[in-house]
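The sequence and structure are shown first.

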Amino acid sequence: MTPQLDLRNVTKRFGGVAAVDGVTFSIAKGEILGVIGPNGAGKTTLLNCISGVYRLDGGDIRWHGVSIAGLAPYRVARLGVGRTFQIVKPFGSMTVRENVAVGALFGSDSERPPLRAAFDRADSVLELVGLRMKADLPVSALTIPDRKRLEVARAVATRPKLLLLDEVMAGLNNVEIDDALEMVRAVHETGVTVVLIEHVMRVIVGVCERVIVLDLGRTLADGQPDVVLRDERVIQAYLGERYARRLRGG
Amino acid sequence: MTTSQRWQRILIVLGCAVIAYAVLAPLTSLDGAQALNLPLLTDKLWFRLATITAMFVVMATAWNIIGGLTGYAAFGNVAFFGIGAYTTGMLIAKAKWPFLLALPLAPVAAAIFAVLVGLPLLRLRGHYFAVASLGVGVAVGELVQNLDYRGEPIFGGASGLFMPIFAVPNRDLYFFYLMLGAAGVSIAVTWAVIRSRFGYGLIAIRENEEAAAVIGVNTTAYKVAAFALAAALTGLAGGIFAQWNVFIDQENSFPIAYNVEMILMALLGGTGTVFGPAAGAVVLQLLIQFLSGSLPITLDLPFVPEDAMPVLAQVVLGVLLALVVIFAPRGVIDFFGGRSRLTVAYLRRSLRETSI
Amino acid sequence: MADLVQLVTIGLLAGGIYAAVGVGFSLVWGVLNIVNLAHGALVIVGAYLTWQIFTASGLDPFLTLPIDAVALFAFGYVVQRGVINRIIRAPLLFTFLLTFGLNLIAVNVLLLIFKSDFRSVTTAYSGAGLDLGGIVVPYIRLAALGIALLVAAALALLLNRTRVGLAIQAVGSDRDAAQLVGIDLRHAYAVTYGLGAACAGVAGGLIAMIQAITPTAGEPYTLQAFVVVILGGLGRVSATVVGGLVFGLVEAFAQSIPGSGSVFANAIAFGVMVLVLVTRPQGLLGRLR
């Protein structure tokens, strides 16, 4: 079975540093996958490579078997790969509903809805993420958690088959995280493959079936959350040699 | 009714009155109307000023598509005006085409030029794009004036290009309605764009180009299309101008001042709205004409000699530009659209937002 | 061969002026992020100041240059502090329009005062020059090149070795961080613009000695300053100097092509600029902004 997304030896350099260095893994349709790693591990860079914002310096990325390396971001989006930004990028002068509607107007090629249909779709997406009540507000009136929801909503409106979420939980308190997890589960249940880049372990353990750990641009581990998180190399990467030794009891 | 709603009503009524006046008043100059002893509301001067005003409505509204909606503040759109003017002018003067056949080629030529120039230029951001587009405006004008072929100026050179007068009864009225029609087309096009998928795409590009790209907007194609659309409309105005004025040269077809005037008009009226630039164009054009002494009402300043008036007018324009930019960056329509109220507090707040 | 050397000489001498015009423009752009469309006006104000002093008092025009510098510095300081500072946080379009408006005001006020007649500064040594084996090097142009390099060096020294200069660089790097370490932003901005204006003033004084001036003669210098900065790269004074000299050479060679002639000045400037922007946006020596 051809994987939905297949990364082979993906490499991206900035100056002399390889931010992503030979990363290889595949994602099957409908998975809900977590990508973790200490700061600077190359998670966002990897995401940018997939969505076409960065050109690869080596390797290939395949979508349903066809190479998408080098495609412009809008083409990758049209194929059905949606993404959010770590620092949200809303369309400031539009209302919440309009932001999401624009996502519905463009997005994946499977449909090209007319204006009215796009707005209707926006409403149902807003319902899904829990922003229905705030649909007519300007973006400036939203709190940070709500702006993150909006970011997700807009990406969902593009009818993605694969959704890449970049640190959606950053800065949220426990209650807000629970709400956000609800939202991610709801999106996943509609059949979208979800990849979560996260720092918050509760999220990974709570919702991901599989976790990939990156460190210094390379894959360190790939497996079920409870196994990966007990992996010594992972602990060492996150907490450092000394603490890992202490945990080991030595 | 709230104050803002009342202001909106007033503005709409005012707007309709102006449009009705503009459309109907010229009819009083027709022989048939004169035979009915209707008062003559328009004369040669009226037609000249009104046609120029309509011309600026076209240009300001067109600029708004690339500058206001898409957020790429082009500073050299006068190049398209001149290209339109010279396309029509050359076809009429050199190739002996009839006016109405030559006119449609003006927007086409301008749009083609916009696509060619836009592809590299629109990759630039901010300052770079602004000055590069300014450079285009200046350079095209200079090239048109100075390009020679075997010693002969191709486009008429410094002495310009003359066209035969377009023989039509009530010529002033004819060209006014033609330019007014172009203004109507500009506004209609803007109206259609703003509520279309294309328009939303443009606004998305303006608000956050990277986000627009990742949700599937082909930003390059959209930007170039917006640029070409603005160019076509501006070129149309140029084409009409050429035959109306009968004579074109670098000075009247590529005036650098037009670049800033059209932007100021859009800013004054409110960028990103359908009627804003048009309103700004009418108001500013009246002001400019008043300052240049072209209106029947003139100002007699005791200590300023007659010939210094146009220069003083430019000074006033500069001061006005500075004031508008400093105090009211969101434009006048912002007030009357109900989003803000024209109070000292608003001006002060606006100032605080932008100063250090 | 002699023609080539003469061409290079002309190019370098002209380039000196471009460099002088460019350094002030580059400073204001690099630190304040303002593309000063009134720069040409500042240059021409300096030119008129030199002309006025020379005509009224007979003072050697070279000696008026320090006066130009001080006067334009003061003028620039006031303009920045009083006017431009109010719009500095607004989007680029507005600073652009504001400086355009200031340019409009300045040029037309000059027109009101001086009318549009051409004025020139002619001294006893105006036409004389060195004759190096057939190559003519006019004294004034040579001195102008020297002074331009001197001004650039002085500016670089000021920026790198003095407290004021370091403050300006800090403000240019990170406005908020500069405030946090106690730099008075309004003052720093005003000083920067004042320095830019001072350099423009000196350049204007030099120009008055070389060509006839009229209030609108400053306009082409703004576009050319922009091209010089793009060509050399934003960031260091030396980059702008190199940009200026290179542009002078490019222009000299372009104008020597039979047929095209000197009328295409703006078109040449624009062509060079687009070429650089599309192929090497950071310029010859600069860093990407």
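## Sheet and helix in chain A

In this predicted model, chain A has an open sheet of four strands, ordered β2-β1-β4-β5, with antiparallel pairing. Its edges are β2(A), residues 17–27, and β5(A), residues 66–67, each of which pairs on one side only. Helix α1 of chain A, spanning residues 43–51, packs on this sheet and touches β1(A), β2(A) and β4(A). The direction of α1(A) makes about 65° with that of β2(A).

How many bridges join β4(A) to β5(A)? There are two, and these strands run antiparallel. Strand β4(A) covers residues 58–63. Across this pairing, W63(A) stands opposite V66(A), the latter lying in β5(A).

## Overall form of chain B

The secondary structure of chain B consists of 17 helices and four strands. The table lists values for the chain as a whole.

| Property of chain B | Value |
|---|---|
| Radius of gyration | 21 Å |
| Box filled by C-alpha atoms, along the principal axes | roughly 55 × 55 × 45 Å |
| Buried share of the 356 residues | 50% |
| Share of contacts with a separation of 6 or more that link residues 24 or more positions apart | 75% |

Why does the radius of gyration of chain B agree with that of a compact globule? A compact globule of 356 residues would have a radius near 21 Å, and chain B has 21 Å, so the two agree.

Technical notes:
Residues are numbered from 1 along each chain as its sequence is written. Chains are lettered from A and ligands numbered from 1 in the order in which they are written. This is a predicted model: local features need pLDDT of at least 70, side-chain atom pairs count only at pLDDT 80 or more; totals for chains, interfaces and linings use all residues. Two strands pair if DSSP finds at least two bridges between them. Two residues are in contact if their C-beta atoms, placed from the backbone, lie within 7 Å. Axes are lines fitted to C-alpha atoms, for helices over the stretch in contact, and angles run from 0 to 180 degrees between N-to-C directions. The radius of gyration is taken over C-alpha atoms; the globule rule is 2.2 Å times the number of residues to the power 0.38. A residue is buried if 20 or more other C-beta atoms lie within 10 Å of its own, exposed if 12 or fewer, and partly exposed in between; C-beta atoms are placed from the backbone.
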